[in-house]
Amino acid sequence: LARQLKHGYYACVSYTDAQVGKVLAELDRLNLRSNTIVILWGDHGWKLGEHDAWCKHSNVENDTHAPLILSAPGMKNNGARTDALVEFVDIYPTLAELAGLPLPEKLEGTSLRPLLDDPKRTWKPAAFSQYPRNLSGGRHLMGYSMRTDRYRFTRWVQRDDHSKVDAVELYDHQTD
């Protein structure tokens, strides 16, 4: 069953990749690529048996490591990949800057435009995520995670009282 589920997942990824290629090819054919921004992102990563779990929705690395693909006019490094930490809150300021739109004064997130020009540059020191967990006995927790280049730290607190810490997790991605 695991092999069949992985096969289906990889087929889905391949199909999606092919469709993105078709969109970009059609933009080229219509001469629209020079003024069109295309962005593809997923709302989550996906576990394929890691941590004895399947699917999504937790604060572990697999679930928070989501796809983000961007094609924009004038990109200096088309097809390049970055290992920089980015967050979904970075999408709006990026699109606004690429489209030449003004940004509100108070805005979370950072435009990724500099990464499009230099994918190897130094970037954010951390990315943040959160996800709830319901435990037996009616306990409702919220997990707040911080991911750096090396570590992931998650703090689990009671949802109705954030001062009550239920558990903490620390992962060193260089050794585990």
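1. Four strands form an open sheet of 4 strands in the order 5-6-7-8, with antiparallel pairing, where helices (H or I, at least four residues) and strands (E, at least two) are DSSP runs numbered from the N terminus, and two strands pair if DSSP finds at least two bridges between them. Its edge strands are strand 5 (127–135) and strand 8 (161–172), each of which pairs on one side only. On average, neighbouring strands of this sheet are turned by 20° against each other, direction ignored, the axes being lines fitted to C-alpha atoms (for helices over the stretch in contact) and angles running from 0 to 180 degrees between N-to-C directions.

2. The model is predicted: local features need pLDDT of at least 70 and side-chain atom pairs count only at pLDDT 80 or more, while totals for chains, interfaces and linings use all residues. Residues are numbered from 1 along each chain as its sequence is written, and side-chain values use heavy atoms, with hydrogens and water left out.

3. Within the sheet, strand 5 and strand 6 run antiparallel and are joined by 9 bridges. Pro132 stands opposite Met142 in strand 6.

4. Strand 6 (residues 139–147) also holds Ser145, which is buried because its relative accessible area is 3%; buried means under 20% relative accessible area, exposed over 50%, and partly exposed in between (1.4 Å probe, protein chains only). The side chains of Ser145 and Thr154 are joined by a polar contact of 2.5 Å, a term for a pair of N or O atoms within 3.5 Å of which, within protein, one must be able to donate a hydrogen and the other to accept it, residues adjacent in sequence counting only if both atoms are side-chain atoms. Leaving aside residues up to four places away in sequence, Ser145 touches Asn59, Ala127, Phe128, Ser129, Arg152, Phe153 and Thr154, contact meaning heavy atoms within 4.5 Å.

5. For helix 1, the 28 residues should span 40 Å at 1.5 Å a residue, and the end C-alpha atoms are 41 Å apart, which agrees; the expected span is 1.5 Å times one less than the number of residues. Val20, Leu24 and Leu27 are buried in helix 1, and what covers the buried residues of this helix includes strand 1 and strand 4 (68–71).

6. Two backbone angles deserve a check. Asn31, in the loop between helix 1 (2–29) and strand 1 (38–41), has a positive phi of about 55° although it is not a glycine, and Asn31 is exposed, with a relative accessible area of 62%.

7. For the whole protein, the secondary structure comes to 4 helices and 8 strands, in the pattern α-β-β-β-α-β-α-α-β-β-β-β along the sequence. The C-alpha atoms fill a box of roughly 60 × 50 × 30 Å along the principal axes, and 28% of the 176 residues count as buried. Among contacts between residues at least 6 apart in sequence, 40% join residues at least 24 apart.

8. On confidence, the mean pLDDT of the protein is 91, with 100% of its residues reaching 70 or more; pLDDT is the predictor's confidence in each residue, from 0 to 100. Confidence is lowest in strand 3 (residues 54–55), at a mean of 84, and highest in strand 7 (residues 151–158), at 96.
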